[in-house]
Amino acid sequence: MQAWRVHENGEPGEVMQRDEVEVPTPGEGQLLLKVRAANINFPDALLCRGQYQVRPPLPFTPGVEICGETEDGRRVIATPSLPYGGLAEYAVADAAAVLPAPDALDDAEAAALHIGYQTGWFGLHRRAALKEGETLLVHAAAGGVGSAAVQLGKAAGATVIGVVGGPEKAAVARRLGCDVVVDRRAEDVVAAVKEATGGRGADVIYDPVGGEAYAQSAKVVAFEGRIVIVGFASGAIPSPALNHALVKNYSILGLHWGLYNLKDPAAIQRCHDTLTGYAAKGLIKPLVTERVPFVGAADAVQRVAEGVTTGRLVVLPEGAGA
């Protein structure tokens, strides 16, 4: 079969190469899945660079999220078990973590449902307890992770402020349903958010960026607000001033969604049922901006790594319509 593999760590566009390899053999408790679509995530770039918390042995195939097909013909979504990731014709996944793909979503959309929307749901509801009528601020609102949080915030009845970089991403954020859009390249984020909230600030802030975005969050978080730390796409990990959190009465909440696979897998199944229901009602729909042919996978991972994309880039197998 054809598979993209990383033989040495580095930038995705330089180290990912297309190989002819044997179809992997699943281990005990695992399933072999035919890949129908593979969604590109920022962790795929970190894996290539050797900077992710999981470091599979070289060579490995990246691709941490797929829509696949079981040997008995069921359409499913899964997070493949490395080193047999999703940027290949076949992947391997733990059977217990494989979930049915929602009928309301096509293969590319289903491939982009699991990680981003589960992370968003756990961040907004389990960690931050977002309530109807509250104000939610989403950094990188036009990106893959941020776009999911925007849709979930609207589904929860929140007023959503989206922070983006550039007019193209601002247009995407508006189409997603943001009530207020702030272009960080053209506006003062802190001033714009304070103006939009009458000086009160945001009740919940969803931050997959870190760096300057976190510094802005601390300045605009409301009384008893909650800042959810999802990741550090900017590459800069901030050091919060805890005295500031104390005097302003706000909470800083960490979210490592993957831990729920170990600590509370039943919660992931319940969340998936909720997300499937949302998809059936049209409340959420992954923003797939590009359906990338298999040959373009390395370039797609590189562009996600550089933060120049909007929405989701999904790689389709050979022969599938892009």
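Modeller: Before we start, contact means that heavy atoms lie within 4.5 Å of each other. The model we are looking at is predicted.

Colleague: Thanks! Which elements cover the buried residues of H2?

Modeller: Helix H2 covers residues 42–49, and its buried residues are Asp44, Ala45, Leu46, Leu47 and Cys48. Just after H2, Gly50 has a positive phi of about 75°. The cover over those buried residues includes strand S1 (2–6), helix H1 (12–15), strand S2 (16–20), strand S3 (30–39) and helix H12 (297–306).

Colleague: Stepping back, how does the radius of gyration of the protein compare with what the globule rule gives?

Modeller: The protein has twelve helices and 15 strands. For its 322 residues the globule rule gives 20 Å, and the protein comes close to this, so it is as compact as a globular protein of that length; its radius of gyration is 19 Å.

Colleague: What share of the residues of the protein count as buried?

Modeller: The C-alpha trace spans about 60 × 40 × 35 Å along its principal axes. The protein exposes about 13,800 Å², with carbon and sulfur atoms supplying 50% of that area. Of the 322 residues, the share that counts as buried is 54%.

Colleague: Is Glu134 buried or exposed?

Modeller: Glu134 sits in the loop between helix H4 (114–127) and strand S8 (135–139). Beyond four places in sequence, Glu134 touches Ala129, Ala158, Thr159, Asp203, Val204 and Arg226. The cut-off for burial is under 20% relative accessible area. Glu134 has 10% relative accessibility, so this residue counts as buried.

Colleague: Which residue has the backbone nitrogen that the side chain of Glu134 reaches?

Modeller: A polar contact needs a pair of N or O atoms within 3.5 Å. The side chain of Glu134 comes to 2.9 Å from a backbone nitrogen, and that nitrogen belongs to Lys131.

Colleague: What is the relative accessible area of Ala202?

Modeller: Ala202 is in strand S11, residues 202–207. Not counting residues up to four places away, Ala202 touches Thr135, Leu137, Val220, Val221, Ala222 and Gly225. Ala202 is buried, because its relative accessible area is 0%.

Colleague: Last one: how far apart in space are Thr135 and Leu33, C-alpha to C-alpha?

Modeller: Thr135 lies in strand S8 and counts as buried because its relative accessibility is 13%. Beyond four places in sequence, Thr135 is in contact with Thr159, Ile161, Thr197, Ala202, Asp203 and Val204. Thr135 and Leu33 are 102 residues apart in sequence, and their C-alpha distance in space is 41 Å.

Definitions and conventions:
Residues are numbered from 1 along each chain as its sequence is written. This is a predicted model: local features need pLDDT of at least 70, side-chain atom pairs count only at pLDDT 80 or more; totals for chains, interfaces and linings use all residues. Side-chain values use heavy atoms; hydrogens and water are left out. Helices (H or I, at least four residues) and strands (E, at least two) are DSSP runs, numbered from the N terminus. Buried means under 20% relative accessible area, exposed over 50%, partly exposed in between (1.4 Å probe, protein chains only). A polar contact is a pair of N or O atoms within 3.5 Å; within protein, one must be able to donate a hydrogen and the other to accept it, and residues adjacent in sequence count only if both atoms are side-chain atoms. The radius of gyration is taken over C-alpha atoms; the globule rule is 2.2 Å times the number of residues to the power 0.38. Accessible areas come from the Shrake-Rupley method with a 1.4 Å probe; for residues, only the protein chains shown count as cover.
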